[in-house]
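Subject: Structure for your review

Dear colleague,

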Number of protein chains: 2
Amino acid sequence: MKIHIVKIGGHLINDRKSLHDSLEAFCKLQGYKVLIHGGGRKADLISNRMGVFPKMIKGRRVTDKETLDIVVMTYAGIINKNIVARLQSYHCNALGLCGADGNCIQSYLRKMVNIDYGYVGDINVKSVNTHLIKFLLKNNITPVLCSITHNGIGNLLNTNADTIAAYIAMSLSQEKDCEVELHFCFERKGVLRNVQDSESYLKKINFHLFQKMKKSHTITNGMIPKLENAFFAFQNGVSKVSIGLPIHLLNDLNKTILCL
Amino acid sequence: MKIHIVKIGGHLINDRKSLHDSLEAFCKLQGYKVLIHGGGRKADLISNRMGVFPKMIKGRRVTDKETLDIVVMTYAGIINKNIVARLQSYHCNALGLCGADGNCIQSYLRKMVNIDYGYVGDINVKSVNTHLIKFLLKNNITPVLCSITHNGIGNLLNTNADTIAAYIAMSLSQEKDCEVELHFCFERKGVLRNVQDSESYLKKINFHLFQKMKKSHTITNGMIPKLENAFFAFQNGVSKVSIGLPIHLLNDLNKTILCL
């Protein structure tokens with residue numbers, strides 16, 4: 001079975017119209033598909049409303065207990081369920097999941113070395129429940145995963161959505177009967193040569209070029225872990241990995257595609 | 001197949017220990033089972049934190065757009081996912097759902113007569129997706145439903161959890177191969193003869209007695225719709241309906257059982 005794994009995040013989630021357009025594009029993909037979404041700025045807005053201000057240590061956000069509750073409410077609650085309801089209205093039989101649902105993805109509390117990240121979960125490599133995902137897909141159900149996992153002993157943890165997408169894609173691609181394509185969708189056309197020029201996206205990128213662009217600070221900030229996740233999946237059995245706009249999900253010419 | 005439908009609500013949800021005890025009791029039920037939960041006071045606490053104060057019209061709470069967002073976050077988000085993670089830790093393979101997930105339960109906006117209840121959904125009688133529920137159960141997955149439904153055109157709606165429990169029980173009981181028992185669990189031993197005396201629970205109640213106790217104001221407030229839902233299910237094919245404490249789920253002698 002061929003499976004498309006689509007991750008949507010960034011500004012696509014923040015803006016209602018962009019989100020709906022992304023979901024429409026997702027629905028146009030034929031065959032088996034899985035959607036993974038991040039949280040955008042919504043959790044920050046709710047945090048602010050509740051008077052909970054992000055705790056930062058050395059520029060990194062810390063997920064304390066209150067923040068964990070807020071991200072669970074936001075990602076698994078309002079964002080996930082509104083996406084599912086919208087997909088249902090497009091006749092896509094979506095079903096929302098976090099990592100605890102059906103024991104979909106287990107993680108462990110990130111080990112504290114110098115920084116205590118709080119309730120952040122790193123995925124247990126072998127824990128992705130590919131059996132459940134394939135079972136849902138084969139029964140015409142489209143899984144919609146948010147970026148909350150669990151540790152198996154009753155606790156929820158906050159996990160990066162790009163990482164979840166990469167692990168799910170990799171785990172499925174290791175099944176004998178699966179061929180997997182992974183698409184990271186966001187508000188840009190792809191990996192930009194020049195961040196000031198939204199048209200300067202690369203058609204192709206290989207690991208060597210990625211390393212070079214990282215060294216020269218052409219690729220910075222959030223694009224680094226995104227590309228690390230993308231290459232991780234590409235180097236572990238995923239047959240195609242792309243980065244770009246959701247409207248170009250079906251169009252290989254207008255996005256960045258990972259290559260050898 | 002014999003299916004136990006268990007609804008937990010009220011103070012059981014508010015208090016962490018009561019909730020965990022209820023979930024442990026639920027896990028001890030053998031065979032096919034479905035959990036339905038309400039929201040307790042958690043949504044009010046979050047509302048207050050966010051500076052959203054419940055809008056009341058003629059003593060009835062109105063679900064405006066902001067309140068809808070809060071109940072979705074609370075019921076489908078933090079409560080549902082924490083319950084699922086806890087059940088997983090007890091080796092019960094739970095999977096959380098709202099009505100939009102897998103098109104589980106559709107509803108329509110409650111018709112405005114004299115009161116505008118806001119985003120409240122009344123269940124479409126034939127909409128309960130018994131196929132999905134049975135399909136999950138047969139595959140060793142325990143559905144955990146929260147009290148959020150959808151209207152099929154992209155909107156989530158707030159629906160009473162007792163009503164959801166009654167409709168799911170009724171819908172499943174109308175399937176040829178299903179026998180259904182419905183248990184309403186809360187912080188009392190059953191339907192009380194005297195609300196001041198927690199030991200005064202009835203062992204049995206029939207519809208006639210319920211009507212009499214309603215007339216004499218012995219049964220009041222929230223117990224009225226709860227019993228209406230219970231009798232609705234009992235009169236529509238559910239083979240046993242009980243009301244009482246979760247620790248007595250397996251013990252018919254210590255709760256109120258509906259009878260003819």
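In this predicted model, A:Phe207, A:Phe210 and A:Phe231 are joined into a cluster by ring pairs. Over all chains, the count of aromatic pairs comes to nine. One of them is formed by B:Phe207 and B:Phe210, with an edge-to-face geometry of 6.0 Å centre to centre and 65° between the planes. These two residues are three apart in helix α7 (residues 207–215) of chain B, and are therefore separated by about one helical turn. B:Phe207 counts as partly exposed because its relative accessibility is 36%, whereas B:Phe210, at 0%, counts as buried. B:Phe210 also pairs with B:Phe231: the ring centres are 5.5 Å apart and the planes lie at 10°, so this pair is stacked. That pair connects distant parts of the chain, since helix α7 of chain B holds B:Phe210 and helix α8 (residues 223–234) of chain B holds B:Phe231, 21 residues away. Both B:Phe210 and B:Phe231 are buried.

Turning to the interface, 38 residues of chain A contact 38 residues of chain B. The two chains bury about 3200 Å² between them, with 64% of it on carbon and sulfur atoms. Four salt bridges are found across the interface of chain A and chain B, including that between the side chains of A:Arg49 and B:Glu66 at 2.9 Å, N to O. Twelve residue pairs are in polar contact between the chains. On the side of chain A that touches chain B, α3 (42–50), α4 (65–89), β5 (94–97) and α5 (130–138) each supply at least two residues. The largest share, 14 residues, comes from α4(A). By type, the residues of this side are 19 nonpolar, 13 polar and six charged.

Yours sincerely

Conventions
Residues numbered from 1 in each chain as written. Chains lettered and ligands numbered in written order. Predicted model: local features only at pLDDT ≥ 70, side-chain atom pairs only at ≥ 80, totals over all residues. Heavy atoms only, no water. Contact = heavy atoms within 4.5 Å. Buried area = accessible area lost by both parts, 1.4 Å probe. Polar contact = N/O pair within 3.5 Å; in protein donor to acceptor, adjacent residues only side chain to side chain. Helix = DSSP H or I, 4+ residues; strand = E, 2+ residues; numbered from the N terminus. Nonpolar A, V, L, I, M, F, W, Y, C, P; charged D, E, K, R; others polar. Phe/Tyr/Trp six-rings, centres within 6.5 Å; stacked < 30°, edge-to-face > 60°. Buried < 20%, exposed > 50% of the residue type's maximum accessible area, 1.4 Å probe, protein only.
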